[in-house]
Amino acid sequence: RGAGAARSDVAALMGEALLAQDEFAEAREWLAPGTFAPADQSRGWRMLGRLERAAGNLAAAGAAYDKALAVSPNDPQVWVDIGRLRYVGGEQLQAIDAANRALAIGADNPLALAFRAELLRDQAGWQAALPLYERAVALAPNDLAVLGGYAATLGEAGQARAMLAVTRTMID
């Protein structure tokens, strides 16, 4: 900002960074106005949706995701976020539909694979979810969220040694 960047140029990124640090009030200051640079519209609305979802404002989260969807209807990450909102709202079948939509758009999107694996783990068990997690980890070997879900699933499946290996990777 000191070098001349407009607030809208950094709003989505600042909001995302503050969300990652659980600084919700500060994130809201950046995201709530909804003034994002054209290239960051989808990200900004998604981050606002995540903020509202975290605050329990599911209707407001849905409205933000609708705006993200209007800007980027073929972004798998938008569909993952919509699916997570649906899941939190108790709409499991709609969450599965959103996850499948995300995978149809981006079959190699590691976050879409991991989300679908989470849902599959709930639906069909740990063993069914492992192949999706393995694909996600192969695509994003350093993503802590993907690795965490994979490690948890390995542990639930009774594969303690494999779980510990993944956990060590996470610590490294």
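I began with helix α4, residues 58-71. Its 14 residues should span 20 Å at 1.5 Å a residue, and the end C-alpha atoms are 20 Å apart, so the two values agree. The expected span is 1.5 Å times one less than the number of residues. Helices here are DSSP runs (H or I, at least four residues), numbered from the N terminus.

A note on the source: this is a predicted model, in which local features need pLDDT of at least 70 and side-chain atom pairs count only at pLDDT 80 or more, while totals for chains, interfaces and linings use all residues. Residues are numbered from 1 along each chain as its sequence is written, and side-chain values use heavy atoms, with hydrogens and water left out.

Next I looked up burial in α4. Buried means under 20% relative accessible area, exposed over 50%, and partly exposed in between (1.4 Å probe, protein chains only). Ala61, Gly62, Ala64, Tyr65 and Ala68 are buried in α4. They cover an arc of only 165° around the axis, so they sit on the same side of α4. The arc is that of the directions from the helix axis to the C-beta atoms. Ala59, Asp66 and Ala70 are exposed on the other side of α4. I then asked what the buried residues of α4 pack against. They pack against α3 (41-54) and α5 (76-88); contact means heavy atoms within 4.5 Å.

I moved on to helix α6, residues 92-105. In α6, I found Ala95, Ile96, Ala98, Ala99, Ala102 and Leu103 buried. These buried residues fall within an arc of 160° seen down the axis of α6, so they line one face of the helix. Leu93, Asp97 and Ala104 are exposed on the face of α6 turned away from the buried side. The cover over the buried residues of α6 includes α5 and α7 (110-124).

Then I picked out threonine 153, in helix α9 (residues 144-156). Threonine 153 counts as buried because its relative accessibility is 0%. Its side chain makes a polar contact with the side chain of arginine 121 (2.6 Å). A polar contact is a pair of N or O atoms within 3.5 Å; within protein, one must be able to donate a hydrogen and the other to accept it, and residues adjacent in sequence count only if both atoms are side-chain atoms.

Last, I checked tyrosine 150. Leaving aside neighbours within four places in sequence, tyrosine 150 is in contact with Leu130, Tyr133, Glu134, Val137 and Val166.

Key
Helices (H or I, at least four residues) and strands (E, at least two) are DSSP runs, numbered from the N terminus.
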